[in-house]
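Please keep the sequence and the structure in view while reading.

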Amino acid sequence: MTNSTEGGSHPPSSRWHKFLQYIEVPTDPGVPNTPWLNRDLIPMPRERRTYKIWSYFIYWCISGLCISGYAAGSTLLAYGLDAQQAIATLVIGGLIVGVLSVACGWMGERHHIGFTVSCRFSWGMRGAYFPVIIRAFATIFWDGLQAYWGGQAVAVTIGAIIPGFAHMKQTLAGGILLTKDFIGIIIYYVFFITTMRIPPERLQKSFIVSSVMFGGTLIGLLAWAVSNTHSGGPLFREPASPVHGGTGWAMLFGITAILGAWGGGTLGQSDWTRYANRPYAPTLSQLIAAPFCIIVCATIGIIVTSCAQEIVGSLIWEPFLLLATLQDYYNDSPRVRAAIFFAGLGCVCAQLGISIVLNSVSAGMDLSGVVPRYINIRRGAYLLAFLGLASNPWQYLSNASTFLTVISGFGIFFAPFTGILLADYFVVRRCVIKLEDCYIGDKRSIYWYRNGVHWRAPLAWVLGVFPTMPGLIMITRDATTWNVWVRMFNITFFVGLLISFVAFSVICWVSPPGNVGIGVLYHEESSFEADGEPETEEEKGPM
């Protein structure tokens, strides 16, 4: 009888094993793929730390000078603020974003680890899956939304060259999606996939192009608007009329909206500060460039939208939709179409930049943390792009008010994540981390706790989420609801962050973890060595 494994025949299990080996992500010397690490999750090696001070200034040009930042004024005015009060709110909110960015990015700057790995010392090796998956899940919808806007910007850009394309009326998806926008989305994703082939440590030049292009769009729109109206437009003449409560409450709601809009970016700052080539390289840009870019972009958005209302008779907050309106307003004038082409291209670049900065790299790292052997940042970004398109953003935007309320409600989860991370790193551990134990998934790790979960973090998180959850449910059911719970929801970032920060600090003071004070204050090249395969035995670790 012949052995079945002879003659080149292999049992199915052997073929499956070879297939799994084949699809593993690439490795670096001394950095094996394990269930807990790959080359994108380790503390960033010196040769890959390429971001300088100017790099982070460009980073914030991408993060602050973006379409969502341009449209931020619409939220502030919706609370009943006048234009001047909205700008004052932007200043306060922008400054707070800068401070939070420094705090959340400190562990990346000093220990060269991102949010995905940082969750392991706060939540436990297994418990870290929870915040990582929640962030990745929310990013799917945001990425789909950003891609939809990017596709519309592509359609406007093509329409400036081919006026017939701009005036296409054919629709898909039951009349919800314009065919030209769907074509734009496909082209947008081609550019996105191409750009994501560039490793994050070498994206600086692409970021410069994106910043310059959209910066030119903003300057061009501002010059057109002011030169035609010789004023700030009607929005600057309208009095404040706070919807609920006084002006102070409206400004507080507005500040919270700004923090919520950039909350995911501040929470994941360490995903980018880990690329800093020296200590304090990101700090100056975070404190100065972050508020400056947020304030300038949103202020230009308010001025241009206000002036455009006087000129074309419509209140249009999205710049690419304004460009499409202007092409019709000026009857497809060749000079106007040339200007719209370059302005639309700037919007496309802005969407590509913000998708990479706030969505793709961070969510790619999150997905990599879930399945490190088979997903790295690039594969995670591609998977995110597929899921974002599969989410059908044109469908959920057809009921935009309810959907945007729900997706904005993810801030009630992110704010407590931020509070726990800051409390654990700065108050409990005093910035001392044992890096190698963040990559060991068994009892040998001091961050294994009990069965891989640090019970103090979920408890503090629930305490931070609970006060704002009723308001989210009520406002989702009826947008006109107004009571103390809804008011609490409207300041969710402050409530969630502060409660979880204090709760986690107090819980750890009453019941101190057994692993505090072990490790290093900053990452040294010789202080980290990648471990091999973890043990399978699970025993009780430090509580």
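How many salt bridges does the structure hold? The structure, which is a predicted model, holds eleven salt bridges.

**Salt bridges**

- Side chains of opposite charge can pair when their charged atoms come close.
- Arg135 and Asp271 are joined by a salt bridge between their side chains, with an N to O distance of 3.0 Å. Arg135 belongs to helix 7 and Asp271 to helix 13 (residues 270-273), so this pair ties together parts that are 136 residues apart in sequence. Both Arg135 and Asp271 are buried.
- A salt bridge also links Asp424 with Arg429, and the closest N and O atoms of the two are 3.1 Å apart. Asp424 is buried, as is Arg429.
- Arg39 and Asp40 meet through their side chains in a salt bridge of 3.7 Å, N to O. Asp40 has a relative accessible area of 6% and therefore counts as buried, whereas Arg39, at 22% relative accessibility, is partly exposed. The cut-off that separates these two cases is 20%, because buried means under 20% relative accessible area.
- Arg39 and Asp40 also take part in a network of salt bridges that includes Asp28, Arg48 and Glu201.

- Met107 and Asp271 are 164 residues apart in sequence, yet their C-alpha atoms are 9.6 Å apart in space.
- Met107 is located in helix 5 (residues 83-111). Its relative accessibility is 0%, so Met107 counts as buried.

**The loop between helix 20 and helix 21**

- Asp442 is part of the loop that runs between helix 20 (411-428) and helix 21 (456-465). With a relative accessible area of 0%, Asp442 is buried.
- A polar atom of the Asp442 side chain lies 2.8 Å from the backbone nitrogen of Arg444.
- Tyr449 is found in the loop between helix 20 and helix 21, and Asn451 also has its place in the loop between these helices.
- Most residues other than glycine have a negative phi. Tyr449, although not a glycine, has a positive phi of about 55 degrees. Asn451, likewise a residue other than glycine, has a positive phi near 55 degrees.
- Is Tyr449 buried or exposed? Tyr449 is buried, with a relative accessible area of 1%. Asn451, by contrast, counts as partly exposed at 44% relative accessibility.

**Cavities and a pocket**

- Rolling a probe the size of a water molecule over the atoms shows where empty space is left.
- A search of the whole structure finds two cavities of 30 Å³ or more. The largest cavity holds about 40 Å³ of space.
- Which residues line the largest cavity? The lining consists of Thr116, Arg120, Met125, Ala128, Tyr129, Val132 and Gly369. Helix 6 (115-123) and helix 7 each supply at least two residues of this lining.
- The second largest pocket contains about 340 Å³ of space. It is lined by 17 residues, of which Val156, Ala166, Leu178, Lys180 and Ala324 are the closest to its centre.
- At least two residues of the lining of the second largest pocket come from each of helix 7 (129-161), helix 9 (179-195) and helix 15 (319-329). Helix 15 gives the largest share of that lining, with six residues.

**A nonpolar surface patch**

- Ile53, Val99, Leu284, Leu287 and Ile288 make a nonpolar surface patch of about 430 Å².
- Which helix contributes the largest share of the nonpolar patch? Helix 14 (residues 283-312) does, with three residues.
- Leu284 is located in helix 14. Its relative accessibility is 51%, so Leu284 counts as exposed, the cut-off for exposed being over 50%.

Conventions:
Residues numbered from 1 in each chain as written. Predicted model: local features only at pLDDT ≥ 70, side-chain atom pairs only at ≥ 80, totals over all residues. Heavy atoms only, no water. Helix = DSSP H or I, 4+ residues; strand = E, 2+ residues; numbered from the N terminus. Buried < 20%, exposed > 50% of the residue type's maximum accessible area, 1.4 Å probe, protein only. Polar contact = N/O pair within 3.5 Å; in protein donor to acceptor, adjacent residues only side chain to side chain. Patch = residues over 30% accessible without salt bridge, like charges linked within 9 Å, V, L, I, M, F, W, Y side chains within 5 Å. Areas by Shrake-Rupley, 256 points an atom, 1.4 Å probe, with all protein chains shown as cover. Salt bridge = Lys/Arg side-chain N within 4 Å of Asp/Glu carboxyl O. 1 Å grid on protein atoms, 1.4 Å probe; cavity = no way out; pocket = protein on both sides within 12 Å on 5 of 7 lines; lining within 4 Å. Points joined across faces, edges and corners; volume = space filled by probe spheres on them.
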